[in-house]
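Subject: A structure for you to look at

Hi there,

Here is the structure I promised to pass on. Please open it alongside this note, and I will walk you through what turned up.

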Amino acid sequence: MNAVREYLVTVLITAAVTYLLTPLVRRGAMAVGAMHAGRDRDVHVEPVPLLGGLAMYGGLVAGLLVAGQIKPLRDVFVGSRMSSGLLLAGGLIVVVGFVDDRWGLNPASKLAGQVAAGAVLVWSGAQVGWLPEPGGGTLILTQDQATALTILVVVATINAVNFIDGLDGLAAGIVGIGATAFFLYYYTLTKRLGLDEQTGPALASAVLAGICIGFVPHNSFPARIFMGDTGAMLLGLLLAYAPISSIASLDYQTLTTPAAYRGGAVNRFAEILPLLLPAAILVIPYSDLLLAVIRRTRAGKSPFAPDRKHLHHRLLDIGHSHRSSVLIMYLWATLFSGTVVWLSIVRTQLFVLAVATVAAVLTLLLMSMPRLRWWERRRKPGQRAQHAGPQPARQQPGGSPAAAQKAPAGAQVTAAAQAAGAQVTAGAQVAAGRASRAAGGR
(Lines give C-alpha, C1' and ligand atoms only; values in the text may rest on other atoms or scores of the structure.)
Protein backbone atom coordinates (compact mmCIF):
# COMPACT_ATOMS: atom_id res chain seq x y z
CA MET A 1 0.00 0.00 0.00
CA ASN A 2 2.53 2.60 1.14
CA ALA A 3 5.71 3.52 -0.67
CA VAL A 4 8.62 4.47 1.51
CA ARG A 5 8.99 7.82 -0.25
CA GLU A 6 5.79 9.15 1.35
CA TYR A 7 7.19 8.38 4.77
CA LEU A 8 10.52 9.91 3.76
CA VAL A 9 8.83 13.16 2.70
CA THR A 10 7.03 13.29 6.04
CA VAL A 11 10.27 12.70 7.95
CA LEU A 12 12.18 15.36 6.00
CA ILE A 13 9.52 18.05 6.41
CA THR A 14 9.09 17.26 10.10
CA ALA A 15 12.86 17.44 10.62
CA ALA A 16 13.16 20.68 8.62
CA VAL A 17 10.39 22.44 10.54
CA THR A 18 11.83 21.31 13.88
CA TYR A 19 15.33 22.40 12.86
CA LEU A 20 14.20 25.85 11.65
CA LEU A 21 11.98 26.52 14.66
CA THR A 22 14.60 25.61 17.26
CA PRO A 23 16.70 28.83 16.93
CA LEU A 24 13.51 30.91 17.22
CA VAL A 25 12.48 28.98 20.32
CA ARG A 26 15.96 29.50 21.74
CA ARG A 27 15.62 33.28 21.43
CA GLY A 28 12.16 33.14 22.96
CA ALA A 29 13.40 31.06 25.90
CA MET A 30 16.12 33.61 26.58
CA ALA A 31 13.58 36.44 26.36
CA VAL A 32 11.19 34.89 28.91
CA GLY A 33 13.98 33.73 31.21
CA ALA A 34 13.51 29.98 30.70
CA MET A 35 17.17 29.16 31.32
CA HIS A 36 18.83 26.13 32.83
CA ALA A 37 21.47 27.23 35.33
CA GLY A 38 24.30 24.79 35.95
CA ARG A 39 24.07 22.76 39.15
CA ASP A 40 26.58 20.64 41.03
CA ARG A 41 25.37 17.45 39.32
CA ASP A 42 25.32 18.92 35.79
CA VAL A 43 28.00 18.81 33.10
CA HIS A 44 27.33 22.44 32.11
CA VAL A 45 28.31 25.57 34.02
CA GLU A 46 26.95 28.32 31.77
CA PRO A 47 23.14 28.81 31.61
CA VAL A 48 21.49 27.15 28.58
CA PRO A 49 18.02 28.02 27.17
CA LEU A 50 15.22 25.49 27.66
CA LEU A 51 11.84 24.96 25.92
CA GLY A 52 13.19 22.95 22.98
CA GLY A 53 9.97 20.96 23.14
CA LEU A 54 8.09 23.89 21.58
CA ALA A 55 10.03 23.40 18.34
CA MET A 56 9.40 19.66 18.58
CA TYR A 57 5.66 20.27 18.88
CA GLY A 58 5.83 22.48 15.80
CA GLY A 59 7.48 19.61 13.95
CA LEU A 60 4.72 17.26 15.13
CA VAL A 61 2.04 19.60 13.77
CA ALA A 62 3.86 19.94 10.44
CA GLY A 63 4.37 16.19 10.08
CA LEU A 64 0.72 15.38 10.70
CA LEU A 65 -0.44 18.14 8.33
CA VAL A 66 1.83 16.92 5.55
CA ALA A 67 0.81 13.28 6.03
CA GLY A 68 -2.82 14.37 5.81
CA GLN A 69 -2.18 15.68 2.28
CA ILE A 70 -0.39 12.59 0.93
CA LYS A 71 -2.76 10.08 -0.65
CA PRO A 72 -1.49 6.79 0.79
CA LEU A 73 -1.04 8.21 4.30
CA ARG A 74 -4.11 10.40 4.68
CA ASP A 75 -6.33 7.30 4.81
CA VAL A 76 -4.97 6.78 8.34
CA PHE A 77 -6.91 9.82 9.56
CA VAL A 78 -10.24 8.73 8.05
CA GLY A 79 -12.54 7.66 10.88
CA SER A 80 -9.66 7.93 13.36
CA ARG A 81 -8.83 10.25 16.23
CA MET A 82 -5.11 9.79 15.77
CA SER A 83 -4.33 13.35 14.71
CA SER A 84 -6.58 15.04 17.27
CA GLY A 85 -5.40 12.70 20.02
CA LEU A 86 -1.70 13.35 19.38
CA LEU A 87 -2.16 17.10 19.05
CA LEU A 88 -4.33 17.41 22.17
CA ALA A 89 -2.21 15.11 24.34
CA GLY A 90 1.01 16.65 22.99
CA GLY A 91 -0.29 20.17 23.52
CA LEU A 92 -1.29 19.39 27.09
CA ILE A 93 2.08 17.89 27.93
CA VAL A 94 3.89 20.84 26.29
CA VAL A 95 1.93 23.32 28.40
CA VAL A 96 2.79 21.40 31.57
CA GLY A 97 6.44 21.26 30.52
CA PHE A 98 6.53 24.96 29.68
CA VAL A 99 5.24 25.91 33.12
CA ASP A 100 7.78 23.60 34.76
CA ASP A 101 10.70 24.87 32.66
CA ARG A 102 9.84 28.51 33.32
CA TRP A 103 8.47 28.61 36.86
CA GLY A 104 8.79 25.07 38.23
CA LEU A 105 6.17 22.46 39.15
CA ASN A 106 6.08 19.96 41.97
CA PRO A 107 6.16 16.25 41.01
CA ALA A 108 2.48 15.74 41.84
CA SER A 109 1.39 18.45 39.39
CA LYS A 110 3.57 17.05 36.62
CA LEU A 111 2.26 13.55 37.28
CA ALA A 112 -1.32 14.82 37.01
CA GLY A 113 -0.53 16.35 33.62
CA GLN A 114 1.05 13.11 32.42
CA VAL A 115 -1.98 11.07 33.53
CA ALA A 116 -4.30 13.51 31.74
CA ALA A 117 -2.26 13.19 28.54
CA GLY A 118 -2.46 9.41 28.79
CA ALA A 119 -6.24 9.66 29.21
CA VAL A 120 -6.42 11.72 26.00
CA LEU A 121 -4.60 8.94 24.13
CA VAL A 122 -7.11 6.42 25.49
CA TRP A 123 -9.90 8.68 24.23
CA SER A 124 -8.27 8.69 20.80
CA GLY A 125 -8.51 4.89 20.66
CA ALA A 126 -4.93 3.96 21.57
CA GLN A 127 -4.90 1.49 24.45
CA VAL A 128 -3.37 -1.84 25.46
CA GLY A 129 -6.33 -4.20 25.14
CA TRP A 130 -4.62 -7.58 25.42
CA LEU A 131 -1.57 -9.29 26.90
CA PRO A 132 0.08 -12.62 26.04
CA GLU A 133 -0.21 -15.46 28.56
CA PRO A 134 2.27 -18.28 29.17
CA GLY A 135 1.50 -21.28 27.00
CA GLY A 136 0.28 -19.31 24.02
CA GLY A 137 -2.92 -17.91 25.51
CA THR A 138 -4.10 -14.34 25.41
CA LEU A 139 -5.46 -12.22 28.26
CA ILE A 140 -8.19 -9.85 27.10
CA LEU A 141 -8.39 -6.82 29.39
CA THR A 142 -11.53 -5.02 30.47
CA GLN A 143 -11.99 -1.39 29.55
CA ASP A 144 -10.93 -0.20 33.01
CA GLN A 145 -7.89 -2.47 33.03
CA ALA A 146 -6.89 -1.37 29.54
CA THR A 147 -7.25 2.30 30.49
CA ALA A 148 -5.19 1.93 33.66
CA LEU A 149 -2.44 -0.06 31.93
CA THR A 150 -2.26 2.39 29.02
CA ILE A 151 -1.89 5.39 31.31
CA LEU A 152 0.74 3.52 33.34
CA VAL A 153 2.78 2.80 30.20
CA VAL A 154 2.51 6.43 29.08
CA VAL A 155 3.59 7.83 32.46
CA ALA A 156 6.47 5.32 32.78
CA THR A 157 7.76 6.08 29.28
CA ILE A 158 7.55 9.85 29.77
CA ASN A 159 9.57 9.66 32.98
CA ALA A 160 12.03 7.15 31.51
CA VAL A 161 12.88 9.56 28.69
CA ASN A 162 13.05 12.44 31.16
CA PHE A 163 15.49 10.51 33.34
CA ILE A 164 18.00 9.93 30.53
CA ASP A 165 17.94 13.56 29.43
CA GLY A 166 21.20 14.29 31.18
CA LEU A 167 23.78 14.63 28.40
CA ASP A 168 23.70 16.73 25.25
CA GLY A 169 21.85 14.88 22.49
CA LEU A 170 21.36 11.72 24.55
CA ALA A 171 17.57 11.57 24.96
CA ALA A 172 16.76 12.82 21.45
CA GLY A 173 19.24 10.38 19.91
CA ILE A 174 18.00 7.32 21.79
CA VAL A 175 14.36 8.17 21.12
CA GLY A 176 15.21 8.70 17.44
CA ILE A 177 16.83 5.26 17.31
CA GLY A 178 13.78 3.73 18.96
CA ALA A 179 11.41 5.49 16.59
CA THR A 180 13.38 4.23 13.60
CA ALA A 181 13.20 0.66 14.91
CA PHE A 182 9.46 1.01 15.47
CA PHE A 183 9.01 2.28 11.92
CA LEU A 184 10.97 -0.60 10.38
CA TYR A 185 8.82 -3.12 12.22
CA TYR A 186 5.43 -1.54 11.47
CA TYR A 187 6.33 -0.75 7.86
CA THR A 188 7.34 -4.39 7.38
CA LEU A 189 3.94 -5.52 8.69
CA THR A 190 2.16 -3.28 6.19
CA LYS A 191 4.28 -4.33 3.21
CA ARG A 192 4.79 -8.05 3.80
CA LEU A 193 1.58 -9.01 5.55
CA GLY A 194 -0.76 -6.36 4.17
CA LEU A 195 -1.73 -5.14 7.66
CA ASP A 196 -2.89 -1.66 6.66
CA GLU A 197 -3.95 -0.91 10.23
CA GLN A 198 -0.27 -0.69 11.12
CA THR A 199 0.14 2.37 8.88
CA GLY A 200 -0.85 4.63 11.79
CA PRO A 201 1.90 3.38 14.15
CA ALA A 202 4.40 3.51 11.27
CA LEU A 203 3.44 7.12 10.53
CA ALA A 204 3.66 8.14 14.20
CA SER A 205 7.13 6.56 14.38
CA ALA A 206 8.26 8.36 11.23
CA VAL A 207 7.09 11.73 12.58
CA LEU A 208 8.87 11.08 15.89
CA ALA A 209 12.08 10.16 14.07
CA GLY A 210 11.86 13.40 12.07
CA ILE A 211 11.43 15.45 15.24
CA CYS A 212 14.58 13.93 16.75
CA ILE A 213 16.59 14.36 13.55
CA GLY A 214 15.69 18.04 13.41
CA PHE A 215 16.48 18.74 17.05
CA VAL A 216 19.71 16.78 17.60
CA PRO A 217 21.98 19.19 15.64
CA HIS A 218 21.07 21.99 18.06
CA ASN A 219 21.26 19.75 21.11
CA SER A 220 24.55 17.95 20.42
CA PHE A 221 27.57 18.75 22.60
CA PRO A 222 28.02 21.56 23.33
CA ALA A 223 24.25 22.10 23.35
CA ARG A 224 22.88 25.49 22.35
CA ILE A 225 19.43 24.60 23.70
CA PHE A 226 17.94 21.95 25.98
CA MET A 227 14.63 20.25 25.33
CA GLY A 228 13.68 20.63 29.01
CA ASP A 229 10.63 18.91 30.43
CA THR A 230 8.70 20.43 27.53
CA GLY A 231 10.56 18.23 25.06
CA ALA A 232 11.41 15.19 27.18
CA MET A 233 7.80 14.60 28.15
CA LEU A 234 6.61 15.14 24.56
CA LEU A 235 9.13 12.60 23.23
CA GLY A 236 8.11 10.10 25.89
CA LEU A 237 4.44 10.56 25.03
CA LEU A 238 5.03 10.00 21.30
CA LEU A 239 7.34 7.06 21.94
CA ALA A 240 4.66 5.39 24.06
CA TYR A 241 1.93 6.09 21.50
CA ALA A 242 3.45 4.02 18.68
CA PRO A 243 3.41 0.56 20.36
CA ILE A 244 0.16 1.27 22.20
CA SER A 245 -1.66 2.18 18.98
CA SER A 246 -0.11 -0.85 17.28
CA ILE A 247 -1.42 -3.24 19.92
CA ALA A 248 -4.82 -1.55 19.85
CA SER A 249 -5.23 -2.14 16.11
CA LEU A 250 -3.34 -5.43 15.70
CA ASP A 251 -4.94 -8.85 15.66
CA TYR A 252 -2.11 -10.87 17.17
CA GLN A 253 -3.28 -14.05 15.41
CA THR A 254 -2.30 -12.57 12.05
CA LEU A 255 1.36 -12.92 13.03
CA THR A 256 1.17 -16.71 13.36
CA THR A 257 -0.78 -17.67 10.24
CA PRO A 258 0.78 -19.51 7.26
CA ALA A 259 0.35 -16.32 5.24
CA ALA A 260 2.47 -14.45 7.78
CA TYR A 261 5.19 -17.08 7.55
CA ARG A 262 5.18 -16.92 3.74
CA GLY A 263 5.37 -13.15 3.99
CA GLY A 264 8.64 -13.37 5.89
CA ALA A 265 7.50 -12.88 9.46
CA VAL A 266 9.28 -14.99 12.05
CA ASN A 267 7.12 -17.11 14.33
CA ARG A 268 9.40 -17.33 17.35
CA PHE A 269 7.92 -14.48 19.37
CA ALA A 270 4.92 -13.63 17.23
CA GLU A 271 2.41 -12.97 19.98
CA ILE A 272 4.71 -10.93 22.20
CA LEU A 273 6.60 -8.97 19.52
CA PRO A 274 4.35 -5.92 19.87
CA LEU A 275 5.37 -5.82 23.53
CA LEU A 276 8.92 -7.17 23.21
CA LEU A 277 9.96 -4.53 20.69
CA PRO A 278 9.21 -1.46 22.83
CA ALA A 279 10.68 -3.24 25.86
CA ALA A 280 13.96 -3.80 24.00
CA ILE A 281 14.07 -0.26 22.65
CA LEU A 282 13.36 1.26 26.06
CA VAL A 283 15.61 -1.10 28.04
CA ILE A 284 18.16 1.66 28.69
CA PRO A 285 15.79 4.40 29.90
CA TYR A 286 13.62 1.89 31.80
CA SER A 287 16.69 0.38 33.49
CA ASP A 288 17.95 3.83 34.42
CA LEU A 289 14.52 4.73 35.79
CA LEU A 290 14.26 1.54 37.85
CA LEU A 291 17.78 1.86 39.26
CA ALA A 292 17.17 5.50 40.16
CA VAL A 293 13.94 4.69 42.00
CA ILE A 294 15.59 1.85 43.95
CA ARG A 295 18.67 3.93 44.72
CA ARG A 296 16.74 6.94 45.98
CA THR A 297 14.19 4.91 47.91
CA ARG A 298 16.92 2.99 49.73
CA ALA A 299 18.54 6.32 50.63
CA GLY A 300 15.27 7.56 52.12
CA LYS A 301 14.73 10.11 49.34
CA SER A 302 11.88 10.77 46.95
CA PRO A 303 12.01 8.73 43.71
CA PHE A 304 11.94 12.09 41.88
CA ALA A 305 14.87 13.55 43.86
CA PRO A 306 17.69 14.39 41.40
CA ASP A 307 21.18 12.95 41.70
CA ARG A 308 24.30 12.35 39.64
CA LYS A 309 24.29 8.55 39.46
CA HIS A 310 22.49 7.88 36.18
CA LEU A 311 24.02 5.52 33.64
CA HIS A 312 25.39 8.37 31.55
CA HIS A 313 26.97 9.95 34.64
CA ARG A 314 28.70 6.66 35.41
CA LEU A 315 30.19 6.58 31.92
CA LEU A 316 31.63 10.04 32.53
CA ASP A 317 32.96 9.00 35.93
CA ILE A 318 34.96 6.06 34.51
CA GLY A 319 36.77 8.35 32.09
CA HIS A 320 34.69 8.64 28.92
CA SER A 321 34.31 12.01 27.27
CA HIS A 322 30.92 13.65 26.80
CA ARG A 323 30.67 12.66 23.15
CA SER A 324 31.91 9.09 23.63
CA SER A 325 29.46 8.53 26.50
CA VAL A 326 26.57 9.59 24.28
CA LEU A 327 27.86 7.43 21.42
CA ILE A 328 28.08 4.37 23.67
CA MET A 329 24.49 4.85 24.79
CA TYR A 330 23.47 5.21 21.14
CA LEU A 331 25.18 1.93 20.29
CA TRP A 332 23.52 0.10 23.17
CA ALA A 333 20.10 1.33 22.06
CA THR A 334 20.83 0.29 18.48
CA LEU A 335 21.94 -3.17 19.59
CA PHE A 336 18.85 -3.88 21.69
CA SER A 337 16.31 -2.53 19.21
CA GLY A 338 18.11 -3.87 16.14
CA THR A 339 18.24 -7.40 17.51
CA VAL A 340 14.50 -7.54 18.16
CA VAL A 341 13.59 -5.96 14.83
CA TRP A 342 15.88 -8.38 13.02
CA LEU A 343 14.20 -11.29 14.78
CA SER A 344 10.79 -10.02 13.77
CA ILE A 345 11.31 -9.37 10.06
CA VAL A 346 14.16 -11.65 8.89
CA ARG A 347 14.54 -15.42 9.08
CA THR A 348 17.86 -15.91 10.79
CA GLN A 349 19.44 -19.04 12.19
CA LEU A 350 19.63 -18.81 15.95
CA PHE A 351 23.32 -19.70 15.94
CA VAL A 352 24.21 -16.85 13.58
CA LEU A 353 22.08 -14.43 15.56
CA ALA A 354 23.61 -15.56 18.87
CA VAL A 355 27.19 -15.18 17.60
CA ALA A 356 26.53 -11.74 16.16
CA THR A 357 24.78 -10.60 19.34
CA VAL A 358 27.55 -11.87 21.63
CA ALA A 359 30.20 -10.19 19.48
CA ALA A 360 28.31 -6.90 19.53
CA VAL A 361 27.80 -7.06 23.30
CA LEU A 362 31.50 -7.80 23.92
CA THR A 363 32.52 -4.92 21.68
CA LEU A 364 30.25 -2.52 23.52
CA LEU A 365 31.44 -3.77 26.89
CA LEU A 366 35.05 -3.12 25.91
CA MET A 367 34.07 0.37 24.79
CA SER A 368 32.04 1.05 27.92
CA MET A 369 34.37 -0.35 30.59
CA PRO A 370 38.09 0.47 30.23
CA ARG A 371 38.96 -1.97 33.03
CA LEU A 372 38.11 -4.88 30.70
CA ARG A 373 40.76 -3.89 28.16
CA TRP A 374 43.44 -6.43 28.98
CA TRP A 375 45.91 -5.04 26.42
CA GLU A 376 46.04 -1.75 28.31
CA ARG A 377 46.74 -3.52 31.60
CA ARG A 378 49.84 -5.12 30.03
CA ARG A 379 51.45 -1.79 29.34
CA LYS A 380 54.41 -0.78 31.40
CA PRO A 381 53.82 1.93 34.02
CA GLY A 382 55.82 4.45 32.01
CA GLN A 383 53.79 3.78 28.87
CA ARG A 384 50.51 4.04 30.78
CA ALA A 385 51.55 7.34 32.34
CA GLN A 386 52.65 8.70 28.97
CA HIS A 387 49.34 7.61 27.41
CA ALA A 388 47.32 9.20 30.19
CA GLY A 389 49.12 12.53 29.90
CA PRO A 390 50.11 14.83 32.74
CA GLN A 391 48.57 13.87 36.07
CA PRO A 392 47.73 16.12 39.01
CA ALA A 393 50.13 16.13 41.93
CA ARG A 394 49.46 13.50 44.60
CA GLN A 395 47.91 14.82 47.77
CA GLN A 396 49.77 14.25 51.01
CA PRO A 397 47.96 13.57 54.31
CA GLY A 398 48.25 17.23 55.21
CA GLY A 399 46.36 18.21 52.07
CA SER A 400 49.16 19.98 50.12
CA PRO A 401 50.60 18.54 46.87
CA ALA A 402 53.85 16.67 47.18
CA ALA A 403 55.39 18.64 44.34
CA ALA A 404 54.53 21.90 46.04
CA GLN A 405 56.50 20.88 49.14
CA LYS A 406 59.69 20.82 47.07
CA ALA A 407 58.94 24.05 45.23
CA PRO A 408 60.34 27.44 46.25
CA ALA A 409 58.45 29.46 48.83
CA GLY A 410 57.25 31.98 46.25
CA ALA A 411 55.82 29.22 44.06
CA GLN A 412 54.05 27.72 47.08
CA VAL A 413 52.45 31.08 47.90
CA THR A 414 51.32 31.54 44.29
CA ALA A 415 49.91 28.01 44.12
CA ALA A 416 48.10 28.50 47.42
CA ALA A 417 46.55 31.75 46.20
CA GLN A 418 45.40 30.11 42.97
CA ALA A 419 43.92 27.17 44.88
CA ALA A 420 42.09 29.52 47.25
CA GLY A 421 40.66 31.48 44.32
CA ALA A 422 39.55 28.27 42.60
CA GLN A 423 37.82 27.09 45.79
CA VAL A 424 35.97 30.40 46.12
CA THR A 425 34.87 30.27 42.48
CA ALA A 426 33.79 26.62 42.73
CA GLY A 427 31.94 27.33 45.96
CA ALA A 428 30.06 30.20 44.34
CA GLN A 429 29.11 28.02 41.38
CA VAL A 430 27.85 25.22 43.62
CA ALA A 431 25.87 27.65 45.77
CA ALA A 432 24.31 29.24 42.69
CA GLY A 433 23.51 25.82 41.23
CA ARG A 434 21.83 24.61 44.40
CA ALA A 435 19.80 27.78 44.57
CA SER A 436 18.45 27.27 41.04
CA ARG A 437 15.31 25.26 40.58
CA ALA A 438 15.37 21.67 39.36
CA ALA A 439 14.63 21.38 35.65
CA GLY A 440 13.33 17.87 34.79
CA GLY A 441 16.02 15.19 34.51
CA ARG A 442 18.83 17.77 34.35
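Let me start with Gln114, which, leaving aside its neighbours within four places in sequence, is in contact with Ile93, Val154, Val155, Ile158, Asn159 and Met233 (contact means heavy atoms within 4.5 Å). Gln114 lies in helix H5 and is buried, with a relative accessible area of 3%. For that term, buried means under 20% relative accessible area, exposed means over 50%, and partly exposed is in between, with a 1.4 Å probe and protein chains only.

Before going further, two notes on the source. This is a predicted model, in which local features need pLDDT of at least 70 and side-chain atom pairs count only at pLDDT 80 or more, while totals for chains, interfaces and linings use all residues. Residues are numbered from 1 along each chain as its sequence is written, and side-chain values use heavy atoms, with hydrogens and water left out.

The overall picture

The secondary structure of the chain comes to 19 helices and 4 strands. Helices (H or I, at least four residues) and strands (E, at least two) are DSSP runs, numbered from the N terminus. Of the 442 residues in the chain, 45% are buried. Among contacts with a separation of 6 or more, 75% are between residues 24 or more positions apart.

Back to H5

Helix H5 covers residues 107-123, and Val115 lies in it. Val115 counts as partly exposed, because its relative accessibility is 34%. Not counting residues up to four places away in sequence, Val115 touches Ile151 and Val155. The C-alpha atoms of Val115 and Val154 are 7.8 Å apart, although 39 residues separate the two along the chain.

Helix H4

H4 (residues 82-102) has 21 residues and reaches 30 Å from its first C-alpha to its last, close to the 30 Å expected at 1.5 Å a residue. The expected span of a helix is 1.5 Å times one less than its number of residues. Buried residues in H4 include Met82, Leu86, Ile93, Val94, Asp100 and Asp101. Which helices do the buried residues of H4 pack against? They pack against H2, H5, H6, H8 (199-219) and H9. After H4 comes Gly104, whose phi is positive, near 95 degrees.

Two helix pairs

Two packed helices are described by the angle between their axes and the distance between the axes. Axes here are lines fitted to C-alpha atoms, for helices over the stretch in contact, and angles run from 0 to 180 degrees between N-to-C directions. Angles under 35 degrees count as roughly parallel, over 145 as roughly antiparallel, 65 to 115 as roughly perpendicular and the rest as oblique.

H6 (residues 143-163) and H9 (residues 228-249) pack at about 135 degrees, with their axes 8 Å apart, and are therefore oblique to each other. Their crossing is right-handed; a crossing is right-handed if the near helix is turned clockwise from the far one by less than a right angle, and left-handed if anticlockwise. The residues of this H6 and H9 contact divide into 11 nonpolar, 4 polar and 1 charged. In that count Ala, Val, Leu, Ile, Met, Phe, Trp, Tyr, Cys and Pro are nonpolar, Asp, Glu, Lys and Arg are charged, and the others, Gly among them, are polar. H9 itself is mostly covered, with 20 of its 22 residues buried.

H1 (residues 4-32) and H2 (residues 52-67) pack at an angle of about 150 degrees, with their axes 8 Å apart, and are therefore roughly antiparallel. The crossing of H1 and H2 is right-handed. In their contact, 11 residues are nonpolar, 8 are polar and none are charged.

Some spots in the loops

Leu51 sits in the loop between E2 and H2. Leu51 has a positive phi of about 70 degrees although it is not a glycine, and it is buried, at 2% relative accessibility. Ala37 lies in the loop between strand E1 (35-36) and strand E2 (48-49), and is partly exposed, with a relative accessible area of 29%. Ala37 and Val48 are 11 residues apart in sequence and 6.8 Å apart in space, C-alpha to C-alpha. Lastly, Pro222 is found in the loop between H8 and H9, and the peptide bond from Phe221 to Pro222 is cis, with omega near -5 degrees.

Happy browsing!
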